[in-house]
Every structure is written in structure tokens, then in C-alpha cells.
Amino acid sequence: MATFFSHATEYLPFLLGGLWLTILVTVFALALATVLGLLWSLLRTSGVRVLEMPTRVLVEFVRGIPLLVILFYIYFVAPEAGIDLTAFEAGVFGLALAHSCYLGETFRAGIEAVDTGQLEAAKSIGMGRFMMMRRVVLPQAFKIILPPYTNDAVLLLKDSSLVSVISVADLTMHGKMLASTTFDNMTIFTLVALLYLCLTIPMNVLMRKVERAFAEGR
Amino acid sequence: MITFENVHKAFGSLEVLKGIDAEIGKGQVVCLIGPSGSGKSTLLRCINGLEQYQRGRICFEGTVVDAASRRIHAIRAQVSMVFQRFNLFPNRTALENVMEGPIYVLKENRKDVRERAMVLLKRVGLADKMNIYPASLSGGQQQRVAIARALAMRPRAILFDEPTSALDPEMVGEVLQAMRTLAEDHMTMLVVTHEIQFAREVADSVLFLDGGCIVERGTAGDVLNHPKHDRTRDFLRRVMHPV
């Protein structure tokens, strides 16, 4: 145990460098995934067939491909089409694209769960579609969406470890680098796991608090 | 003000309106009565385009009502609706519910709207419930907020879709009272209702619908006290003396 701690303090500064990048990737990817997911869900509930069908195909397509393959595709194949992204950009975009499709479905379910009486009330006072979404549907859908959204945010954070395979120097990558030079696998990967937990546990706790606040105060 | 010319509507193969002709004048209170499934709610919902009719024509002040056209929003802003299940916005207080339309649809000044909304809530007897969320209000109170919300739009007419049917019996009176006051102020009102006594007192005319057709029409006194058709007589007997 004592050796664990003495080694841990030695490795920690280096790993924190990776932790920082993990946080960056997660924050950017989650933000982009949320925007895209919202877009997919609005397109899919638009009632316009030419918008619904392509979105549905895209979502089904992306959901059916492993994230790792998506990352490889964006990082290694896209440059051949002239789209040259840095590893960081490719990682963020790949994560965001994959998770936007899960989030899109979550958002859609939330939007469709809002009572039709609410839509009729909004229409009956003359609201157009956009206003109805903004003022009536989305605020109510938000409450329904929050728990599964939290869940996906945590999944995204954990999935972000996959970007290490396209050479993004995140926490996992830093761990691997350190392990391959020191061979102290036990200490290092325990430390890496603990650092991930340091992010996911507060996220869960925080989100549960927010949920509860919403449930009470509406 | 509102005219129906040969209005037809079907849900799939089920015909619910089979050629409705009627005219509602400004300031009139018209009650639609009839058994469930007779098409009265559907007829009401066609006026503000919550349902689209397939044949015939409905005009509101000379404008053809078409649920698919952009003009429908303008018509809805002038024809308010009060629903059976209130449909208040649960995430907004009573006052915010009333202010929603004037601020976000009519784009009126927030301060003026706030004052008007407070007057309206006072008028329906809910001055002390302004900052309460719908979940903490009784059914009768919620429906009165809904009436205030409808009035806040300064509508040319109000559609009531069975406004007392979802209420506990002891709450019915307060809602009918609020509606009676509106009638006295010469608001144009179309009311789908089973409250025969209310119709008798307040309605200028009554339409009795059955099977998607207007079976009988006339003044409240004529239709409700001296019905000519057997079907009307039968319906009224059942409604007034259920046991």
C-alpha cells in the first residue's frame, strides 16, 4: 500500500495532464452531441417526410456502427476525401456524432411524451410550430429527458477513452504510455480507473440533485 | 361571424360530420348538445383548425378556416378555446399561463399584459392564486384560469369543449358562473355541453347534433322545452332524468 501511494504521487502529475484532455474531449463532444441530437429529434418530429426519412436513416446507420470504427473512419478515411482533422478534432467529432444519435432518440421520446393537450393548448392561443416547441414542448420534455441524458453523458465520458487509439493523449493514453515505460501496470491502471471515477461519480451525484430539484420545483 | 356550409369530416372510414350548415352571429351564445360521438366536439375543433374538415367550408369573419394554411395562426389568436381537461401549462404559474399568449403570440408589452392578466384572474375569482402552479389548484380553479387565459387573447369568440365534464360536481357551478358573466358581456361563445340547465338559461340558440347531423336547432326555449324530434326528446329525457 505504501509503495502504491509513493508511486501514485510520482505518476499523478503526468496522468493529470491526460485527465485534462479527457475532460476537454468530453465537454466539447457532449456539447456538440447535444446540439446535433436536438437537431435530429426536431427533424424526426417535424412531420415533414423529406426531413424525417434521411434523419432516420442517418441515426440508424450511425447507431449500427461501433464507435471505434467511426473514429477510425473519421481519422483515417476522411483525409482521403480532403477532410483533414487533427486527432483531437476527429475524436470530438466521432464521439459527438455517435452519441448525438443516441441522444436524438432520447430527445425524440421526451418530445413525444409531452401530452397532446399541451400542443392543442399552445396551438389554440395561436402559437406557430417554432414557438410551441420553444415555449411549451421543450421545457416540458426537458424534465422527462434529464435522467436518460445524464446517463448518456456518463457513457460519453467513458467512451472518450476510445479516442486514445487515434492518438489523442487523453487519460487512457497517458496511462498506457506510462505503463509501457514503467511496467507498473497495477498502480497505473488502478490510478486511471480511480481518476475516471473521480469524474463520473460527481457527475452522477450532481445530475441526481438537479433532477430532484426539477421534480420538486418544476 | 362563424358560418358552416355543408361541412363534412371523416376519421378514416368513420364519418363524424355529414354536412353541417349553421351560422353563429356576433355576441351569440350557442350551445351544442347531443350524445357522445355525435360530432359536436369535432365540429368545434374544426373552427380553430385543431381538426381539418374535408368538404364544405367554415368561415370566420369572412376568412376560410384551413388548418393547413398559415392564416390559421391568426384565426386561432382571435378564437380562444377552453378544453375539457383544462390543458394549462404545468410548468407555469396561473399568472404566467394567462400571460403566455399575449406576450409570445400577440407580442404585447409584458407590463401591460401582467396588469391585464391580474385583472382577469381577479374577475374569475382567483386573485389570490396568481403565483400557484396548476398542480396545486382544484379542477374548478384550473378551468377558471383556462378561461382567463382564453380571455387574455382578447378573442372575438371563445370555444368551450365540454368545460365542466372533467370536474367534480361541486366545482361545476363556479365555472358555469364565470361563463355566465362572459355571456352577459356579449362574448360570442360556442359551448359543447351536457349542462342543459345552463344552456336553457344562457344560450341564445341550441343545436342538437346526432350522428354527425344537426337534428334540431332553435332558441334554447324551443329546443330544450318543446323539442320537435323524437331523438331530441329522447336525449333530453335521458340527460335530465338519468335514473
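Select Arg149(B) and Phe89(B) to start: the charged end of Arg149(B) sits over the ring of Phe89(B), 4.8 Å from its centre. Here a charge is over a ring if NZ of Lys or CZ of Arg is within 6 Å of the ring centre and within 35 degrees of the ring normal. This is a predicted model, in which local features need pLDDT of at least 70 and side-chain atom pairs count only at pLDDT 80 or more, while totals for chains, interfaces and linings use all residues. Residues are numbered from 1 along each chain as its sequence is written, chains are lettered from A and ligands numbered from 1 in the order in which they are written, and side-chain values use heavy atoms, with hydrogens and water left out.

Next, pick Arg135(A) and Tyr104(B). Arg135(A) lies over the face of Tyr104(B), at 3.7 Å from the ring centre.

Now the aromatic pairs. Over all chains, the structure holds six of them. Rings of Phe, Tyr and Trp (its six-membered ring) pair if their centres lie within 6.5 Å; planes under 30 degrees apart count as stacked, over 60 as edge-to-face and the rest as tilted. Select Phe4(A) and Phe5(A), an edge-to-face pair with 5.6 Å centre to centre and 80° between the planes. Then go to Phe28(A) and Phe88(A), whose centres are 6.1 Å apart with planes at 90°, so this pair is edge-to-face. Phe28(A) lies in helix H1 (residues 2-44) of chain A and Phe88(A) in helix H4 (residues 87-112) of chain A, so the pair ties together parts that are 60 residues apart in sequence. Helices (H or I, at least four residues) and strands (E, at least two) are DSSP runs, numbered from the N terminus.

Select S6(B) with strand S7 (residues 157-161) of chain B: they run parallel, joined by four bridges. Met81(B) has Leu159(B) in S7(B) as its bridge partner.

Notes:
Two strands pair if DSSP finds at least two bridges between them.
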